[in-house]
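Please look through the sequence and the model shown below.

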Amino acid sequence: MSHVFSILRGKQWRGLLVLVMSILLLPSLAWTQQANFPSIYYPSPPPEQQFQVSVGLIQITPPKELTEEVWVRAPAFDLHALYGLSPHWSLDGRALSQVIQNHFSVGARWNHSFGDFAVGAGYDVAYWFGFLEVVDAFDSKAHGWFNYPSVTVGYNLGKVRLIGKAEAILDLYHASSVGENEIATDKNKLVGGSFMVAMEQTFWKQTQLTLGFRATLTKFHWMTWALFSTFNQYLFYPEIIIGFIL
Amino acid sequence: MRSLVAVALLLAALVSLSCRKDTPVVGPDSTASLFLGDTKPFKPATRAAMEGVYRVVQGQDFFGDLVALKWSGVANGVDTTFYLSGFFGRDAAYFVLSTGSLDSTLFFSGQWRKLMTTESGLFHGVVLSHAGGRQLMNPSPVIGKDSITISGTWGNGEENPTKYIVLQYDRPLYRGKDLEIIGHRGGGRTSDLLPVSENSVEIIEYAERLGCTAIEIDVRPTKDGVPVLYHDNTLNLRLVQKNGLMGKMEDYTYDQLQGLIRLIHGERLPTFREALDVALYRTQIRMVYIDTKPTMPVQSLYEIQQEYIQKATAAGRRFELLIGLPSDEKVAEFKAIPNYTQVPSLCELTVDETRALNSRVWCPRFTQGTQNDLVAQVHAEGRRAFVWTLDSPPYINEFLTNGNFDGILTNYASMVAYYHYVR
């Protein structure tokens with residue numbers, strides 16, 4: 001745990017301060033008018049037997065420890081859907097794709113509202129895979145399984161909903177191959193965690209906009225599998241989330 | 001408008017959170033001189049007898065079950081300072097120890113480091129007279145299983161070394177198939193928190209202590225054509241201390257760079273010649289793989305290569321200097337050298353290109369696998385095959401077990417050394 005805190009120090013604490021300040025200031029910036037609209041991250045399920053779908057992009061910046069002088073910021077396509085099971089339960093499915101690497105998850109969510117506040121808990125199972133084939137350079141593949149237990153809190157300001165979500169990252173298994181040589185690792189352990197802050201609000205007519213920022217500290221991130229990282233350290237992956245709830 | 005302010009705050013947080021962090025790593029042991037006191041250097045026979053694979057009978061939870069102990073030396077004129085390195089199997093851990101003896105007790109003091117984590121610390125150890133010291137101090141030591149016990153203590157970070165570690169001699173180092181352990185960027189990356197900076201004179205001196213038998217260095221020219229060692233395309237805080245310069249190395253003269261640039265650990269920016277002088281005259285490194293950067297004229301490298309081949313011959317040293325050919329552009333420049341097929345080179349392209357250039361070494365990426373059929377072809381033609389840049393411990397083991405490469409370019413020389421010597 002000391003590693004986690006040793007990563008966040010100096011100038012990075014000032015960043016966290018700005019983040020916390022932004023959360024505290026947001027309520028005063030929002031309208032007071034109450035309204036209900038579809039959500040993806042806010043802990044409130046869709047009506048029973050109905051889908052709620054969001055499309056968008058995420059952009060993760062891998063740490064410089066891995067990319068060195070190159071600043072890689074490749075966006076990934078993000079399709080996210082909820083299905084209402086009951087007033088408190090929903091199913092959650094999500095697909096992230098950069099073509100050469102992809103991540104699919106399904107899970108269940110429990111939610112409960114207390115006036116303008118809401119809380120939720122979820123558990124997602126994810127499969128990811130990637131492949132990189134370039135003649136005389138790369139013949140690499142990888143795949144694996146993650147589990148993501150999470151808790152979410154939300155605050156409904158009417159036209160704007162604020163969300164905070166904490167998630168643990170469990171690496172159950174991952175395998176990779178180069179040419180005919182394959183390596184598999186049965187890890188089944190906690191490799192990191194993330195904290196996300198997001199806001200959802202009306203963007204255009206019936207379309208809602210999600211803007212979010214996720215801070216992930218992890219020893220292994222599926223999106224950097226092709227770098228074959230050997231760092232047994234918690235590295236920081238900032239992520240911007242933009243989604244349109246249809 | 002209000003939402004935009006909120007988004008701006010979030011983005012400000014993102015930028016601030018992305019700032020660079022500094023992780024401290026324990027440097028040279030300032031207490032070593034106290035611990036070693038008035039001890040005397042080991043005799044050559046003692047050093048030779050100590051090398052081997054040891055079982056970690058206490059401390060294996062942190063360091064792993066086995067350690068390979070190997071000596072290296074740095075020459076300074078007629079004197080040589082020897083260091084004992086230990087290569088462990090967990091998290092690319094290693095230690096580097098200064099040594100000395102008093103009567104028949106052997107003393108060790110230095111640092112350990114795990115390259116895959118941010119951990120490091122101090123290490124002290126002894127071989128007592130009855131635990132192998134007397135045997136080791138004999139003019140002709142006879143060593144067998146369990147005949148040497150090294151008892152030591154280690155500490156994490158700046159703490160005093162109070163945790164116990166016990167190593168027991170098991171067997172000699174593997175001396176079967178020869179393997180070049182090629183240290184990337186002179187021995188290792190700055191990002192792996194080594195005590196010396198990548199592509200420096202100091203890391204070339206340090207490389208053998210990390211397990212290297214050979215090194216790879218990145219060579220690019222300054223504005224006035226002086227070849228220097230530097231990896232990145234631009235001057236940046238990943239590799240150099242804060243300074244007033246921005247942009248490319250090639251935008252500045254050598255004098256400007258020497259006046260204003262220091263590498264991360266304060267070292268001077270080395271010229272190619274300074275690097276070769278150290279490798280040739282102060283170490284036993286037997287091969288230098290020159291990574292030719294896009295702006296570096298191959299003709300200039302060739303002229304310096306020929307000069308140092310003659311110097312190595314005069315010094316009676318086994319010292320191979322290979323010009324790396326990573327691209328078609330560099331191959332075209334190489335072909336402009338008269339009798340280029342007689343010039344020692346290393347080709348990173350295809351086997352066919354390697355054959356056409358008569359390169360001594362074919363060097364593909366590890367991401368294509370062990371490619372045993374192509375390696376066999378290369379061997380059949382009297383060439384060698386190296387692979388780059390292999391750092392993942394399971395893949396290092398896989399390539400050593402199921403592959404036939406003659407050399408591995410790596411950032412974790414200690415890890416390759418471990419898997420090689422404990423075979």
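In chain A of this predicted model, the lining of the largest cavity draws at least two residues from each of strand S1 (51–60), strand S3 (89–97), strand S4 (101–114), strand S6 (138–156), strand S7 (160–178) and strand S10 (207–218). Strands (E, at least two residues) and helices (H or I, at least four) are DSSP runs numbered from the N terminus. A cavity is a set of points, on a 1 Å grid over the protein atoms alone, where a 1.4 Å probe fits but cannot get out, and its lining residues have an atom within 4 Å of a point. A volume is the space filled by probe spheres set on the points, which are joined across faces, edges and corners.

The whole structure holds 6 cavities of 30 Å³ or more, and two of them are set out here.

| Cavity | Volume | Lining | Nearest the centre |
|---|---|---|---|
| Largest | about 340 Å³ | 23 residues | Arg94(A), His103(A), Tyr148(A), Glu167(A), Arg214(A) |

For the second cavity, the elements that give two or more residues to the lining are S4, strand S5 (117–134) and S6 of chain A, with S5(A) supplying the largest share, 5 residues.

Chain A as a whole contains 3 helices and 11 strands, which follow the pattern α-α-β-α-β-β-β-β-β-β-β-β-β-β along the sequence. Of its 246 residues, 51% are buried, that is, under 20% relative accessible area with a 1.4 Å probe, protein chains only.

How far can the model be trusted, in terms of pLDDT, the predictor's confidence in each residue from 0 to 100? Chain A averages a pLDDT of 86, and 85% of the residues score at least 70, but pLDDT stays under 50 over residues 1–11 and over residues 23–35. Where pLDDT is low, the predicted coordinates should not be read in detail.

Residues are numbered from 1 along each chain as written, with chains lettered from A and ligands numbered from 1 in the order written. Local features need pLDDT of at least 70 and side-chain atom pairs 80 or more, while totals for chains, interfaces and linings use all residues, and side-chain values use heavy atoms, leaving out hydrogens and water.

Terms used. Buried < 20%, exposed > 50% of the residue type's maximum accessible area, 1.4 Å probe, protein only. 1 Å grid on protein atoms, 1.4 Å probe; cavity = no way out; pocket = protein on both sides within 12 Å on 5 of 7 lines; lining within 4 Å. Contact = heavy atoms within 4.5 Å.
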